[in-house]
Amino acid sequence: FVESSCRSRIFWMKLNKLLLQGKFFQLEINDPYAGPVLLDEKLASRCGYVLSEDVWGNPVFRASVLGCHVVNEADELFSLTVNIKVSSFSNMRAAVTYTYPMYCSYSSWASREIVCEENYMEVSVKTDVPAVSNDYTLAWMSALPETQNVAYQLWQLMFVSPSGRKRITVSDAAKLGYSFNNTLYRVYLRAPYHSNESDISMVNGVNMNMVTSTSMYRQRWLLLLIDTTVSCPIDGISFTDTTLTWTVPSVIPTLVLQESTFLSKNILMGIDDRIVVNPEEKNYLLKHNETHIGITVPIGAEGGKLKSSISGGVYGVIYSIDLFLEHTWTDADWQTTKYTVIKSITTPFMPQIPTVINNTLPEERLFSIAFGHFLPDVSLVAITIGKVPFTLREAQHHGFKIYETPFSNRTKGFILEVSFDDPYVLREYVNRNETKYTLLVNYTISVDLEMTLYYHSAEVECVIADIKLPEAVSYCDEENLYLSIPTFGLHQYWNLYLGNKLLNRHIALTNGYLTATNTTHLVLQIPLFAVGVVYEEVSFQKIKARFDVALRKVRTMETLQMFSVSCSFNSSSFIICHPDGTVTISAQMKTVPAIDMSKTKLRDSSCKPREYNEGHAFFKFHVTTCGTSVRFEGDHIIYENEISYEKETLPGWNIPTITRDPDYRLTVLCYYRAKETLVLGAFTSDPSTSPPFGSGTMVPRSNIAVNRRVRQALNVVSRVSKDESFMEFYDPNVAILKRPVEPVFLEVELKDESPDIELYLEDCWVTGSVDFNSTPRWNITVDG
């Protein structure tokens, strides 16, 4: 509970903070004559006491052996009794009192001893009369006239400060916070820092608090004048990122009047109440020269304490250490002076940004992150995963693993382990077959004895190839193409596209596809002549057809894979309307008796079949040729032609001639969506690589009366206006220079006067030539 020692004529007592936790305590000084006296700040600085805490938080009491209530036996044996009162209540009721006596033996007094404590300065001087020196200083001689007024058989003090001289009695000095007394062999003066009689002066870059005084005593023929000047450093502390340095002047002019006779004898450093014998072994540095004594301590070194702190929402550390310096020197005036300074040093707040170390194990699908480095006084109190807060107990119950781990530099960290498959881990499909897992963490830590919390967020990512791209199975029957595609990941990672259109249920039904889904696969049935089928080869004997579906990423629309089914079909009768306006027809014309297929033709009699046999004729032509007519119905453009067979007279058996009447006719129709067709020249070029968007029908012996006109090139004129008024236009043969951000004022006019023709302006672009398919091309308007 209590430890005590005697070091350099100072009582040193330390209380154990663990036994005082949650309790209140007071100290009383036992006066051998007056009884217990409660220790307070005013009494402490006047009587030579210090009550503080060491760097570990243990209460520390120090007392000078020349203190007010110390029992002194011949300036060699000293004793002091302290009452330690402990209570569970702040008003100290029901307190338990522990009486603790301390003893100190000290006989190796120097002629002058100076102690610089935290709250007082003390100088003590031997009273044996030294030999008279011939070196009278100006200050000493100027004090002589004042001695004529010294009271008889009474100690008096004379202070010299920038404001002048002040001579007062010892009792009056006590009222100002001073303490003066004499023992059997010594006289001592104790002074508070920054009194009215003190002065601040700088010595070799260090500010010193100085009280210049002379103690005077007169009895009969004896006039005793004693120099009781004292000077103590009040700063001299400097810091770097890694060290602290305490500097004290080697020679203090007010204490050494004849500097030429100054000789440094011994310099010691200590921590708490212990002398450090070999400072370099503990990485301390004790240096001195003619002007300075310096002690340099690495921040975090043994003997001090690093303490965590939180300031302005930032985590950092503070280092504290209790040092003392003992300097012994000689000079002609004082023979030997022992100068002791006790200093408690605390660094400024040093921010320490915690780090997050990513030790994630992709092969185990496990986030493992270390959060550090922290001092032992830091505790992890909560975490937030994503936006969900957890106490440590809740986190452990959920399945997160959280534990502490030590680091090599006497710090610690906190390990957090979270499975990739935890519902609070964010998942994002990236690249072709990879998933990016993201763990968002917000740590909440607290520091012992501090109510402030510190928050630190971290984001850890890991990308692994754990997704298998689907593989389609393709097959065909006599009339359909089939694709069987795994459903895993569809609409989550990928979508199926037909060209640039999302292949959903509506598109499938519109285009005549049939879909069936089970637990693992989507089966897509595509009729041979459905929209989207690509005809790689069309001949009289067979059709080679292909159907393509693109697997694209949901977000970026990037094509990852093409699923294709390709088969060859035998078909007796078909019509295919290609996107470039090419029409291929395999017409079956069954007549009795059979007709000569070589004599069939289209409206333009020069358009004959390319191939034929007894029952079939194969035609291939463009919708702008062979007498093809065009009309509009709703949102469709319909191109129409006829396959016909001329009247002919056939030989008969009994009657000379037989006449076939009427002519044989087969109407063929191609339907195109009007919004997908601007002018015929804008069709895509290669029908074997572009999916058709036209559908065709063949109507035998059509007697439907329709308004037919041959599709001609549209009479369209376009001009570029110089401004939005459309009053002045650029010459069509002059190059127009425009920056990308400038508007283009475009006018398109349909000159055709037919009431059946309307102008739909959808997409306009610019190319370097009159070829619609030339590249590069730059869009002017898109989708109107």
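**From one threonine to the whole chain**

Threonine 444 is buried, its relative accessible area being 10%, where buried means under 20% relative accessible area, exposed means over 50%, and partly exposed lies in between (1.4 Å probe, protein chains only). This threonine belongs to strand E37, residues 434-447; strands (E, at least two residues) and helices (H or I, at least four) are DSSP runs numbered from the N terminus. Beyond its neighbours within four places in sequence, threonine 444 is in contact, meaning heavy atoms within 4.5 Å, with Ser379, Leu380, Val381, Ala382, Leu453, Tyr454 and Tyr455.

The model is predicted, so local features need pLDDT of at least 70 and side-chain atom pairs count only at pLDDT 80 or more, whereas totals for chains, interfaces and linings use all residues. Residues are numbered from 1 along each chain as its sequence is written, and side-chain values use heavy atoms, with hydrogens and water left out.

The protein has 784 residues, of which 44% count as buried, and its secondary structure comes to five helices and 62 strands. Among contacts with a separation of 6 or more, 60% are between residues 24 or more positions apart.

Six disulfides are found in a search of the whole structure, each being a pair of cysteine sulfur atoms within 2.5 Å. With bonded cysteines counted along the chain, their pattern is 1-4, 2-3, 5-6, 7-8, 9-12, 10-11. Cysteine 47 and cysteine 68 form one of these, with sulfur atoms 2.1 Å apart. Because cysteine 47 lies in helix H1 (residues 41-47) and cysteine 68 in the loop between strand E6 (59-64) and strand E7 (71-73), the pair ties together parts that are 21 residues apart in sequence. The torsion about their S-S bond is about -90°, so this disulfide is left-handed; cysteine 47 is buried at 1% relative accessibility, whereas cysteine 68 is partly exposed at 30%.

A disulfide also joins cysteine 116 to cysteine 232, S to S 2.0 Å. This pair links distant parts of the chain, with cysteine 116 in strand E10 (residues 112-116) and cysteine 232 in strand E19 (residues 230-233), 116 residues apart. The link is left-handed, with -85° about the S-S bond, and both ends are buried, cysteine 116 at 1% and cysteine 232 at 0% relative accessibility.
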